[in-house]
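Please walk through this structure with me. We will take it from local backbone features up to helix packing.

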Amino acid sequence: MSKSRSTGNQSKKDGNTSSKFERGHNGTHKSQYLKTKDKKLKAGLKRIDEKYKQAVSSAAATEYLLPEAQGYLEAENEMEKTFRIRQSEIKDAVDVTTAAKALDLKLKEFGPYSINYSRNGTHLLICGRKGHVASMDWRKGDLRAEMYLNETCQTATYLQSEQYFAVAQKKYTFIYDHEGVELHRLKQHIEVKHMEFLPYHYLLATAGQTGWLKYQDVSTGQLVAELRTKLGPTSAMAQNPWNAVVHLGHANGTVTLWAPNMPTPLVRLLSARGPITSIAIDRQGYYMATTGADKSMKIWDIRNFRELHSIENLPTPGSNVAISDTGLLAVTRGPHVTLWKDALRSSKSSRPYFGSSGFSDRNTPYMSHLFPGNRVNNIQFVPFEDLIGVGHENGVTNLIVPGAGEANYDALEINPFETAKQRQEQEVRTLLNKLPADSIALDPNVIGTVDNRASAVRLNAKALAEITTEKENLSRSNKDIPDVKPDVKGKNSGLRSFLRKKTQNVIDERKIRVQKQLEKEKSARHRKEMIKRGEIDEEHKDLVSEALNRFG
Amino acid sequence: MAKKSRSKRSRKIAQNALEIATRELDESSDNELSYKKDWHQNGTVINAQKNSDQEGSDFEDEEIDSDEALGSDDDYDVMSSKFSQTLRDKRKNAEYDEDEMDGYISLDENDLLPLSQVWDMDDAQNGSETENPTELQLNDDLSESELSQDSESDDESESAEEEDPFDEISEDEEDLNLQTITDNLCKKTEKANYRKLDNGVYGEENEYSLPSFKAGQKKLNLNDLMSVVEDKAAVEKASLIKNKPSSLPVPLPQRIQQRHDRKAAYEISKEEVNKWKDTIQQNRQAEHLTFPLNSSAQHNESTMLVNSTEHPVMELEKRVTKVLKESNLVSLEKESTFEEIATAKIDPDEMRKRTRELRLMRELMFREERKAKRIKKIKSKAYHRIKKKELTKNQELIEDFEESEDEQDIARARERMSLKHKTTSKWAKDMIKHGMTKDKETREEMEEMLKQGERLRSKVMGNSSEDDSDDRISDLENDDKGNFPETDISRNNVGKSGVMNMSFMKKAEARQAESNRKTIEDLKAFENGNKNIFDDDIEHGKTGANINLNLGRRVYTPSAMQSSNEMEVLEHGNGSETEEEPTRSAVNSTQNVSERSKDKRGSSNLRSKNSGSIDATSQNEPNPWLPTEDEGKSRKSNKIKIVDENSSKLTKSANKIEKKRAKQTRQSDERSHDEEPLLDVENADKLQLNNHNNGTLSDEGIVFKQQDLIAEAFAGDDVVDKFQQEKKRVAIDEDDKIEDVTLPGWGDWAGAGAAPTKKRKFSKIKGTVRKDKRRDRNLKNVIINEKVNKKNLKYQSSAVPFPFESKEQYERSLRMPLGQEWTSRTSHQGLIKPRILTKPSTVIDPLKAPFK
């Protein structure tokens with residue numbers, strides 16, 4: 001009855017694979033950008049174009065090296081619905097190793113549990129609200145660290161590898177190593193409820209009750225940015241894996257997008273009428289799904305910030321939402337876990353519904369699961385596995401979801417089978433390739449491009465000369481040093497304070513100018529004083545000194 | 001410049017002449033006075049030649065062409081005549097250097113003239129120069145044309161008419177140089193001139209006024225001059241003199257000539273350089289260059305091309321060979337098979353014998369060579385010492401006879417200099433520096449020092465080197481005796497044929513063997529002489545040292561031995577322990593985990609029970625805003641609880657919103673009331689589900705939940721409104737602003753009845769973005785921040801970079817990321833390949849000229 005069959009093979013093998021690998025905007029016509037009189041430039045541009053084409057075609061040629069394709073549960077007829085298939089049935093049908101992976105940890109004491117899988121999916125970090133934190137190699141069943149912290153633990157997350165993890169505890173956030181040894185107490189991260197680790201920037205972003213979003217560089221230990229949301233406690237958090245922008249959900253139903261280099265949110269979206277309960281963003285950074293306490297669920301296309309689907313009345317408010325690598329949408333409400341396939345498409349037929357209610361073209365759930373007498377606290381798709389990890393009040397459960405995991409992994413990027421040596425090398429490599437925190441932007445492609453405000457064509461010699469002489473002119477007209485102000489007191493003179501700031505024994509051209517100006521100022525002040533005292537006339541001119549001034 | 005200086009000089013001369021003339025006139029009146037004065041002024045005798053030379057050299061200092069300078073230098077005394085010109089030319093060609101030398105060195109008594117003569121000379125020059133001043137000028141100027149030549153030829157004819165000075169010159173005075181000849185010439189002409197001058201004056205003859213020339217004397221002719229020249233060939237060649245000189249074309253001015261030369265040279269070099277043009281262009285346009293260019297490809301000749309059999313059997317083989325033959329790919333040498341080699345035809349027994357012989361021969365030769373090498377290498381301390389002693393003894397013997405003391409000293413000094421750490425002391429350096437080594441005492445002291453140093457060094461070095469050498473000698477002997485007893489026999493037998501049989505080879509071999517034997521004997525003698533030195537070391541072989549394999553260091557005590565054994569045992573045990581590594585299945589291990597956690601939990605539970613009770617009491621208090629989830633197990637329905645819990649999470653914020661809402665108008669309240677049922681219109685089925693859930697609620701829950709729902713609903717309405725307002729506000733804030741900057745009353749008439757001006761002043765303040773250009777203008781529920789992110793700007797280019805002309809071009813070039821993460825390996829390598837690749841450790845030749 002139930003089977004996981006590979007459907008990917010016949011689906012997308014039609015000729016136009018190279019379009020997937022093309023980059024940039026292909027809008028401009030060839031003749032347009034090639035319009036130049038410079039032969040050398042023309043040849044260079046042509047060469048670049050050729051190289052680009054070659055690169056695209058060679059990348060497309062590697063497509064056949066990815067033979068693995070994800071398969072989905074498929075119904076045999078119209079009457080059969082895949083969401084009716086239960087986990088026990090799937091477990092019976094699948095192979096032993098997959099069945100073994102569907103682990104179910106019954107931990108009733110310290111729940112509810114929140115879970116976090118490491119980036120390569122080898123390790124699982126569980127964090128019970130009441131202070132039970134454990135890190136394990138879940139496939140081997142190897143417990144790496146287990147701690148009872150005896151205080152509230154909100155959430156926990158792995159850092160760059162499974163060697164380190166951060167735990168948001170009652171007041172502070174702590175960083176532990178793989179054996180559970182406390183390494184750091186992040187005293188600036190207070191009452192954290194949500195944490196995200198940005199792997200390419202080595203940043204730990206935290207948000208919580210305080211309404212501050214804080215970025216900590218875990219490689220250097222610096223607090224990179226503290227951003228005040230001004231929107232009360234943060235109720236949800238997610239990172240966009242494509243551009244490392246952090247999405248925060250707030251009590252007033254807005255989702256704000258943040259980068260550490262901007263004190264104000266990059267974008268504000270009104271996504272619910274009540275508080276946002278959860279946010280999820282797909283791997284490519286195209287879509288965002290949010291659930292609100294007002295029983296709404298919205299799917300956004302965050303490339304252009306348009307709503308794709310808006311579901312206003314879920315049976316109960318959604319508490320968690322997640323999007324798998326393959327684009328499955330998982331939503332939890334209370335004890336329910338519901339998954340939809342193809343929910344991230346803009347067509348009307350892909351709008352998720354709970355039931356078909358007689359219509360044939362409705363996107364009914366792909367799978368669903370119920371934890372009776374329980375409540376789901378946290379969900380996460382397991383990387384490279386057909387599993388979804390669910391943290392609930394009574395422990396942690398992995399549900400088998402056929403077609404949830406990325407079938408082809410790139411071992412140079414994230415290797416699910418990496419050895420200790422590979423992990424070490426990967427860490428060094430990622431540290432070397434670490435991106436600076438202030439390079440985070442809504443569109444990361446702007447890096448390296450020409451500034452929007454700059455002229456679109458290359459400046460001619462005159463303009464360039466103008467720019468270069470601009471500074472020179474500044475110094476020529478004494479614009480780069482404080483003005484002469486004979487009115488103010490000598491002590492308050494800007495020129496004097498300028499001199500004070502300068503190193504005493506260094507004499508440069510600027511300093512000499514300042515000294516000259518200061519002399520002028522002094523004499524002007526003196527003259528003023530004299531006038532005030534009536535010693536000299538307003539019109540009085542010292543002809544001798546004026547005549548001599550030209551030599552000064 | 002030259003002209004100028006010359007004219008100056010001529011003026012000077014003219015002045016002199018005038019003086020002389022006046023003196024002559026005044027002679028009668030105050031003869032004696034002037035005489036005294038003159039002597040006093042000029043000294044007794046002056047060197048006219050030198051004088052002129054000095055002037056010439058002064059003149060040379062100025063910037064002039066070397067030719068001109070030379071000319072002026074030479075022709076000073078006979079400047080005006082064409083004859084001198086030709087002479088000069090000749091000289092220039094042949095004896096330029098000598099002449100110059102002459103000018104400075106050949107100062108004989110003959111050259112020294114009395115003052116009066118000098119006066120005469122001056123006078124004469126003056127006369128000749130004043131005669132044709134134009135000629136003087138023209139003479140120098142090379143750019144002058146025929147006119148000057150004409151005048152010159154006239155001069156020549158004039159000079160030819162003058163009397164011949166060579167009449168006076170006898171045959172035996174041929175060695176007189178030209179200088180003196182010209183001097184004489186001058187005298188003659190001067191005298192003539194003088195007479196002319198003197199004609200007007202009728203004075204007596206005395207030592208100041210020479211008797212006038214006798215008329216009828218012959219004039220100097222060119223032919224007369226030629227007769228002096230001995231070289232017949234030169235005389236033959238002197239066509240200028242013999243024939244009427246035909247005018248040669250005037251050479252171009254030097255700078256113009258040089259310009260022409262340069263032009264021509266440039267053309268030639270350009271042509272030469274242009275040969276490279278295509279190659280260079282090609283290289284410039286090339287995307288990648290690999291140096292050395294055009295490196296010869298190394299082909300591995302595949303064995304495929306070599307035929308296995310001589311005659312192809314298969315059809316395909318035949319065809320292939322045919323093709324190969326046609327394309328000259330078959331090499332004859334390779335084709336020759338083993339059978340064709342001459343040796344293959346010999347009887348196998350014979351062959352074997354020969355090879356054996358050859359092998360033996362080679363072996364013997366090799367061994368002898370090795371031996372020689374080894375002996376050569378042997379350098380024992382004792383050997384060296386004795387060698388050195390011998391050498392010094394010999395040297396002393398030789399020194400006694402031959403070397404002078406100085407040489408010895410020098411040798412010693414050199415030796416000392418070369419010995420690094422002995423002469424580095426300050427004292428030694430000083431001694432050497434100041435040549436104190438000649439002093440016997442210091443020398444002895446120094447030698448003593450050197451000896452001391454040597455002794456010390458030998459102490460430092462110890463016997464290690466001796467050990468090595470000693471072993472070697474014995475080894476050698478052993479080799480000879482033990483391993484190859486039959487060497488001599490075989491040596492005699494082998495080598496009856498082949499190269500070894502030749503007499504010179506035999507001789508050489510014998511010589512080598514003999515020398516080897518001798519050296520060995522020598523060494524043995526040394527050894528015997530110094531036997532006691534080496535005896536000690538042999539006993540060192542076996543001491544109590546116990547070498548532990550693992551530790552790699554020596555242990556000298558028996559207890560150490562024990563401990564090491566213990567260590568071994570321990571290690572073995574460890575190994576066995578690590579062997580039994582448990583392998584667990586996923587299920588097993590997870591159970592393990594849960595068990596462990598249970599255990600720990602048990603203990604922690606006990607501990608936390610006390611504190612937990614406090615928590616429980618606090619939680620039991622009825623708080624409508626807090627969730628009731630803690631009594632989870634007694635719950636009947638989860639779904640109800642969930643709603644409650646969710647609301648409870650957000651109660652704080654909801655509460656806040658409610659407070660704010662209270663300030664709002666009633667109208668909005670009513671509106672939200674109206675809207676509430678609308679929520680469920682769209683999906684009827686879900687509404688039912690919802691109602692069903694609600695139906696199971698207990699009374700308390702319903703009341704609480706409805707309140708919550710209402711609050712939520714109101715909050716939502718508020719949220720939307722607020723968001724819209726915020727969006728409007730942001731749009732206005734970031735828009736361009738127009739500010740009223742009119743100053744009231746400024747420039748107006750004040751007072752009653754004054755009409756207020758309607759003109760108002762506005763200034764525009766530029767905002768970040770205009771309202772109608774906002775990116776979110778058409779997007780509902782979205783506010784996009786339009787502010788420029790200044791920290792991002794540093795990652796952007798402020799202008800289109802150089803080779804590109806437009807932003808489009810530049811950004812198109814950025815399209816493809818270079819990193820290996822984003823492209824395939826081949827394209828990545830292609831994208832990052834440097835333009836120039838050089839092969840390390842190869843010589844890069846300059847570009848070769850292509851042949852054209």
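A residue is buried if 20 or more other C-beta atoms lie within 10 Å of its own, exposed if 12 or fewer, and partly exposed in between, with C-beta atoms placed from the backbone. This is a predicted model, in which local features need pLDDT of at least 70, side-chain atom pairs count only at pLDDT 80 or more, and totals for chains, interfaces and linings use all residues. Residues are numbered from 1 along each chain as its sequence is written, and chains are lettered from A and ligands numbered from 1 in the order in which they are written.

N781(B) is not a glycine, yet its phi is positive, about 60°. It sits in the loop between strand 7 (762-765) and strand 8 of chain B. N781(B) counts as buried because it has 23 C-beta neighbours inside 10 Å. Y202(A) is also a non-glycine residue with positive phi, about 55°. Its loop runs between strand 12 (192-198) and strand 13 (203-208) of chain A. Y202(A) has 20 C-beta neighbours inside 10 Å, so it counts as buried. Helices (H or I, at least four residues) and strands (E, at least two) are DSSP runs, numbered from the N terminus.

Next come the cis peptide bonds. One runs from G111(A) to P112(A), with omega near 0°. P112(A) belongs to the loop between strand 3 (104-106) and strand 4 (113-117) of chain A. Another joins F291(B) and P292(B), with omega about 0°. P292(B) is in the loop between strand 3 (289-291) and helix 16 (315-326) of chain B.

Now chain A as a whole. It has ten helices and 30 strands. Of its 552 residues, 41% are buried. Take its contacts (C-beta atoms, placed from the backbone, within 7 Å). Among those between residues at least 6 apart in sequence, 50% join residues at least 24 apart.

Finally, helix packing. Axes are lines fitted to C-alpha atoms, for helices over the stretch in contact, and angles run from 0 to 180 degrees between N-to-C directions. The axes of helix 3 (residues 39-61) of chain A and helix 35 (residues 825-832) of chain B come within 8 Å and cross at roughly 160°. Helix 3 of chain A is therefore roughly antiparallel to helix 35 of chain B. Angles under 35 degrees count as roughly parallel, over 145 as roughly antiparallel, 65 to 115 as roughly perpendicular and the rest as oblique. On the chain A side, the contact uses K51(A), Q54(A), A55(A) and S58(A). On the chain B side, it uses T826(B), S827(B), G830(B) and L831(B).

Within chain A, helix 8 (residues 494-501) and helix 9 (residues 509-533) pack at about 145°, with axes 9 Å apart. L495(A), R496(A), F498(A) and L499(A) of helix 8 meet V514(A), Q517(A), L518(A) and E521(A) of helix 9.

Notes. Two residues are in contact if their C-beta atoms, placed from the backbone, lie within 7 Å.
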